[in-house]
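Dear colleague,

Please find below the structure that I am handing over to you, followed by a short account of what was found in it.

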Amino acid sequence: WLGLLAFLLAGCAQLSDECRPRPVVVPTLPAVIPGYTELDESTGLHITGSYQVIDVESWRLRVTGKVDTPLELSYDDLRCMPRIESLTTIICRGNFEDSATWAGVPLIHILELAGVQADATQIKLSGADGYSSTVLLKDALSELNFLAYEWEGQAVPILHGFPLRAAFPALPGYTWVKWLLEIEVR
């Protein structure tokens, strides 16, 4: 346990000393806010959820539950971790299919940092809008999954989850929780 703590503290020192992510351009709301499942003309993506305006400086992603080391990560902490980018399609059956390029930190990396306990079977993702989704741990551990902080090379738009949304390219759109606040390992 102490060895892991020392490793994590060294990693935090490393982040502050070596990683200097470029300043984020915080997105603003578009002039027109489409209704539920309508097309957002500014992005070409459809709208779901109740958008949240979140202060990126005070926002934190919490990783809790059946983990050895609970985490509380800032936006810049995430941007200093390994990054993947994927052109993927969000499928909301019966409503829409939206394709875009998203980028962020691999979910498996976050779960490995937290140390998922052996008896865990699923994760619950919770967003600031009150929406949550549960994903089986075996599905969550796919190397395809990530926590997206970028869309088309810029910060994720507010209407689509800024500062962070889950991205599960092989799973239905309802698992892509927006305005992500917490991952609870169960």
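In this predicted model, three aromatic pairs are counted. Y75 and Y149 make up one of them: their ring centres lie 6.3 Å apart and their planes meet at 75°, so the pair is edge-to-face. Since Y75 belongs to helix α2 (residues 75-79) and Y149 to strand β9 (residues 146-151), the pair ties together parts that are 74 residues apart in sequence. Y75 counts as buried because its relative accessibility is 4%, under the cut-off of 20%. Y149, at 3%, likewise counts as buried. Together with F162, Y75 and Y149 form one aromatic cluster.

A further pair is that of W102 and W176, with ring centres 6.1 Å apart and planes at 70°; this pair is therefore edge-to-face. Distant parts of the chain are linked here, as W102 sits in strand β6 (residues 96-106) and W176 in the loop between β11 and β12, 74 residues apart. Both W102 and W176 are buried.

The loop between β11 (165-167) and β12 (180-185) also holds T175. With a relative accessibility of 3%, T175 counts as buried. Its side chain reaches the backbone oxygen of P172 at 2.7 Å. Which residues is T175 in contact with, leaving aside its neighbours within four places in sequence? They are S133, V135, A166 and F168.

With kind regards

Conventions: Residues numbered from 1 in each chain as written. Predicted model: local features only at pLDDT ≥ 70, side-chain atom pairs only at ≥ 80, totals over all residues. Heavy atoms only, no water. Helix = DSSP H or I, 4+ residues; strand = E, 2+ residues; numbered from the N terminus. Buried < 20%, exposed > 50% of the residue type's maximum accessible area, 1.4 Å probe, protein only. Polar contact = N/O pair within 3.5 Å; in protein donor to acceptor, adjacent residues only side chain to side chain. Contact = heavy atoms within 4.5 Å. Phe/Tyr/Trp six-rings, centres within 6.5 Å; stacked < 30°, edge-to-face > 60°.
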